[in-house]
Amino acid sequence: MNIKRVAIIGGGTAGWLAANHLGVELKHENIEIMLIESEDIGIIGVGEGTVPYIKKSLQRFGISEAELIANCDVAFKQGIKFVDWLSAEKHGAGHFYYHPFSSPYPAGYDVTPYWLANRENLEFSAVTEVIGVAEAMRSPKKISSPPYLGEVNYAYHFNAVKFGKLLAKNAREKLSVKHLITTIVGATKNDDGSIAKLVTSDGGEVEFDFYVDCSGFASLLIDRELQVPFIDKSKQIFTDTAFALQIPSDGMEEIKPYTTATAHKAGWTWDIPLTQRRGTGFVYSSSHMSESQALEEFSKYLQLDVEKLSPRKISMKIGYREKFWCKNCVALGLAQGFVEPLEATSILLTDFSAEILARNFPRNSENIEVLSGYCNKVLSYAWERVIDFVQLHYCISDRDDSDFWQENINSTSLSEILHERLEMWKLNHPKKIDFFSQFDLFNVDNYLFVLYGMKYLTRVPPISTYEAGVSKAQFAQVKQRSEQLAKELPSHREWLSKFERAISNPK
Ligand SMILES: Cc1cc2nc3c(=O)[nH]c(=O)nc-3n(C[C@H](O)[C@H](O)[C@H](O)COP(=O)(O)OP(=O)(O)OC[C@H]3O[C@@H](n4cnc5c(N)ncnc54)[C@H](O)[C@@H]3O)c2cc1C
C-alpha cells in the first residue's frame, strides 16, 4: 500500500520539528502531512537550551537565523558552565569548568598529551577561546558575521513556545503541512495491530497511512495503543523531578552567553538567560531530597522565596521506548523518551530522530519492516550513548557530601561501553577513534571537556620535545586569540540590541 497521508500528533517542539523534517523531505511528492494538536492539552514549554546541531536543521528548513533571533527571544549559547560539580573541600566552593561547543583540537592538533603533563597549571578549557569570550560576556559573533557562523561556535537559548510557533509557521507556509486542532482520545487498529484511525473527542475518526506520535509524556500511540515497552533508566540517572521558574529581567543587564548548571546535594540547577527573562529550574532526585528541601535550596540559589512564585513541578520519567518505530507509527520527543535536562540532549535527540525518519521515510507499507529495523537499531544506540554522557557528569565526580553523590560515584549501573571507556581512559586519553559510530551524538569533542573539566585522572603519556613545543605554542596562540576576541567582539547584549534596532528600523 502506498503511503499518502501522514499524521503527526502533537504540536510541541517535537511535532513541529517532525513536520519540518518530513515537509522538506516529501515536498515534491504527493504525500499529505497533517499535524494534529489539542487546544486543551498544552505543550511542556521548558526546552530552552540547544546544541549547535539545531543550526543545520534550521538551514535545511529554510529558516533564516534573523527570523529565529527576531521571533524567539534568542540569546547565544557558547556552551555550559558547570559550577560545583566537584568536591568543595578539594577544589574550593564555586569551582567551575566549561563544556564549550568549540573543538578541543586547536588547529586540528591533539594537545591533550601536553595538557595532561601540565594539568596542574592549566585548565583544559584553555584549548579554546571560550574562557576569555564567555567570561567577558561577549557575543560569539561580530556584527558582520555571516548567518549561522561566529568567531566561536554557538547554539541558542530561546523561548520554547515562540520557537514552536516559528517552526509551525514555516511548516504550514513553506512546506504545506496541514494543521488540525482536536483532541485524540484513542485509535482503532488494523488486523496486523497497526494504527488504522484516530478517534477524536467529538466522536469522529480520522484516517492516515502513517502516524508520528509527538504527544509528549502522554505517549498516546506508542504506549497506550501499541504498548511498546519503556526501558527504565532510573537506576543510571537518579534525577526525576524538576521545579521550573521564569525570572523576569530588566532587559538591560549583560546576558551570559552560556547555560549555567550548578550542582547541589541531590542534582543541579539550570539557569538559562534569554533577552527578557531567565529560565531557571531545580532538578533533583526525589529519593534523595524532599520537596520542601528542594524548594528551600532553589530559594537559596535564586535568593528569592520560590514558593511564593509558584514554580511549576514536573515529574520526569527517565528512559526511552524499546522501539521508536513500531508498525506504522514512530514516536518522537518526550513520547519517545527523556533523560533529564542536563546537556540539552532532548531537542538534539528529537531533531536527530526526526531527520533519520525523514531520510528513511517509507513510500510504501512494504518498506516499513526493513527501514524500521535499521532505524530502531540506530536510535537505541544513540539513546544509550546519550544516557552514558549524562551519567558521566555524575559518576566521575569526587563530591561525597550526600547519599546522592556517593551513590552516583559508587554506581555499578554503568553501561558496558561507558564502563569500558572510563577504564580505558585511565590509561590513554580519549581520541577520535574511540568513537567508532557516527551515532555517538556526544563524542571526543564533548568527553574531553567533561572528563578533564572534572579532573579525571589519565596516565600521562610520553611526549616528544617536538609535540610539547607545538602544543605549547598552540595553547599560547589560543590564549592570545581569546584575549583579542574578548576585546574585539561586541558584548552579548550589545549584539542583540543592535540586531533588534536593525530589524525595527530597516533602511
Ligand atoms: C524539566 C525539563 C527541562 C527541559 N529542558 C530542556 C532543554 O533545556 N533542552 C532540551 O533540548 N530539552 C529540554 N527538555 C525537553 C524538551 O522540553 C522537549 O524535548 C521538547 O519540549 C519537546 O516536547 P514534545 O514536543 O515532545 O512534548 P510537548 O511539548 O509536551 O507537546 C505535546 C503535544 O502533544 C499534544 N497532545 C498531547 N496529548 C494529545 C491528545 N490526546 N490529542 C491531541 N494532541 C495531544 C499537546 O497538545 C502538545 O501539542 C526539558 C524537559 C523537561 C521536562
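In what sense do strand S13 and S16 pair, and over how many bridges? Strand S13 (residues 241-248) and S16 pair in the antiparallel sense, over eight bridges. Strands here are DSSP runs of E with at least two residues, helices are runs of H or I with at least four, and both are numbered from the N terminus. Two strands pair if DSSP finds at least two bridges between them.

The model is predicted: local features need pLDDT of at least 70, side-chain atom pairs count only at pLDDT 80 or more, and totals for chains, interfaces and linings use all residues. Residues are numbered from 1 along each chain as its sequence is written, and side-chain values use heavy atoms, with hydrogens and water left out.

Strand S16 (residues 277-284) has seven of its eight residues buried, so the rest of the structure largely encloses this strand. Buried means under 20% relative accessible area, exposed over 50%, and partly exposed in between, with a 1.4 Å probe and protein chains only. S15 and S16 form a hairpin, with three residues between the two strands.

These strands belong to an open sheet of seven, in the order S5-S4-S14-S15-S16-S13-S17, and its pairing is mixed. At the edges are strand S5 (96-100) and strand S17 (312-315), each of which pairs on one side only. From one strand to the next, the twist averages 20°. Strands of a sheet pair through backbone hydrogen bonds, either parallel or antiparallel. A parallel case is strand S4 (residues 79-83) with strand S14 (residues 259-264), joined by four bridges. Lys81 stands opposite Thr260 in S14.

The ligand is surrounded by 32 residues, the closest being Gly11, Ile41, Gly49, Ser346 and Ile347. A residue is near a molecule if one of its heavy atoms lies within 4 Å of it. Helix H1 (13-25) and helix H10 (345-359) each supply at least two residues of this shell. The shell divides into 16 nonpolar, 14 polar and two charged residues. A backbone N or O atom of Ile347 lies 2.8 Å from an oxygen atom of the ligand, and for Thr13 the corresponding distance is 3.3 Å. Taken alone the ligand exposes 1000 Å², and the protein buries 97% of that; accessible areas come from the Shrake-Rupley method with a 1.4 Å probe.

Note on methods:
Polar contact = N/O pair within 3.5 Å; in protein donor to acceptor, adjacent residues only side chain to side chain. Nonpolar A, V, L, I, M, F, W, Y, C, P; charged D, E, K, R; others polar. Axes fitted to C-alpha atoms, helices over the stretch in contact; angles between N-to-C directions.
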